[in-house]
Amino acid sequence: MAKEYNATQILKWYLESGIDEALEEKPVNHFILQATTEDKEADSIPVVSTDTSSNSKTPVKLISLSDTTKSAYAAAKAADTLETLRDAMSAFEGCPLKQTAKNLVFGNGPVSPKLMLIGEAPGAEEDRQGRPFVGPAGQLLERMLKAISIERGDVYITNILPWRPPGNRTPTDTEIAACMPFIERQIELVSPEILILVGGVSAKTLLGTTHGIMRTRGKWLEYKREGGLEGIPARAILHPAYLLRSPAQKRETWMDLLAIQQRMSETSQKL
């Protein structure tokens, strides 16, 4: 006899599985829409068929990660403004996360700011609103900036990935590689004086290191740009979402914030 579960048990199972919100009025069977693979082992990316009929026999087309990356680089390089870069990302089909996210979450803020902050990926509230760092972690980040006399409107904020991973899981190497050309181009177009890498994924990706965030934070490093251009001073800080779970680590982050404030003051004096 099959075991029966009550609604509370089913909802608890959903949450533990990363299913924490409904994005549409009706459920979507993604097993029909696309073929899935283990991302960390895959060397190709599925391109979702637009034929969603249940009796469709059309196979899902696969393209290599190399071809996907080349396509992303070409699209990113052709964008000469942030607006055209956003359009290019909206049209990009090389990242499967696009199929499960509700919105593209592009960066926002002024061009040529003193600070550009780059996080990992959007969360639930960011996906819902289509804006970066607007959930609980974003609200804490705003308070952190205000503590060193910086308003959110004075900095540019974005993420490595523009689409939310289901259940807020850590992005895979394949997903990061597919979107890497776009964040690199975004940095070029924004042209900040200082980069703040928010969290371990952002730090590892843009600094090209395998070190964890605890070894990366607390020091000034450099984001290396292509084409022989001068590097950008970069500092990694703990992600606000981590600080919400581990408030005892706020002391280390406060030290990083003071170092950032001092660096900005020194930069202003040189101008």
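Me: What makes one face of α3 the exposed one, and which residues does it carry?
Reply: The face turned away from the buried side of α3 carries K70, A74, K77 and A78, and these residues are exposed. Exposed means over 50% relative accessible area, buried under 20%, and partly exposed in between (1.4 Å probe, protein chains only). This is a predicted model: local features need pLDDT of at least 70, side-chain atom pairs count only at pLDDT 80 or more, and totals for chains, interfaces and linings use all residues. Residues are numbered from 1 along each chain as its sequence is written, and side-chain values use heavy atoms, with hydrogens and water left out.

Me: Which residues of α3 are buried, and how do you know that they share a side?
Reply: T68, T69, A72 and A76 are buried. They cover an arc of only 95° around the axis, so they lie on the same side of α3. The arc is taken from the directions that run from the helix axis to the C-beta atoms.

Me: How do you know what span to expect of α3?
Reply: The expected span is 1.5 Å times one less than the number of residues. Helix α3 (residues 65-78) has 14 residues, and 20 Å is expected. From first C-alpha to last, α3 reaches 20 Å, close to that value. Helices (H or I, at least four residues) and strands (E, at least two) are DSSP runs, numbered from the N terminus. The protein chain has 12 helices and 7 strands.

Me: Why is the pair E142 and R152 called a salt bridge?
Reply: The term asks for a side-chain nitrogen of Lys or Arg within 4 Å of a carboxyl oxygen of Asp or Glu. In E142 and R152 the closest N and O atoms are 3.6 Å apart, and the pair forms a salt bridge. E142 lies in helix α7 (residues 136-146) and R152 in the loop between α7 and β4 (156-159), so the bridge ties together parts 10 residues apart in sequence. By this rule the count comes to 8 salt bridges.

Me: Are E142 and R152 buried or partly exposed?
Reply: E142 has 29% relative accessibility and therefore counts as partly exposed. R152 has 14%, so R152 counts as buried.

Me: What makes E175 and R169 a salt bridge?
Reply: Their side chains meet at 2.7 Å, N to O. E175, at a relative accessible area of 3%, is buried. R169, at 32%, counts as partly exposed.

Me: Where do D256 and R235 sit in the chain?
Reply: D256 is in helix α12 (residues 250-270) and R235 is in strand β7 (residues 232-237). The pair links distant parts of the chain, 21 residues apart. Their salt bridge comes to 3.0 Å, N to O. Both residues are buried. R217 joins R235 and D256 in a network of salt bridges.

Me: Which residues touch the most other members of the largest nonpolar core?
Reply: L115, L117, I118, L195 and L206 do, in a core of 59 residues. Helix α8 (residues 173-190) gives the largest share, 9 residues. A nonpolar core is a set of buried Ala, Val, Leu, Ile, Met, Phe, Trp, Tyr and Cys residues joined through side-chain atoms within 4.5 Å.

Me: What does L195 touch, not counting residues up to four places away in sequence?
Reply: Among the residues L195 touches are M116, I187, Y223 and R235. Contact means heavy atoms within 4.5 Å.
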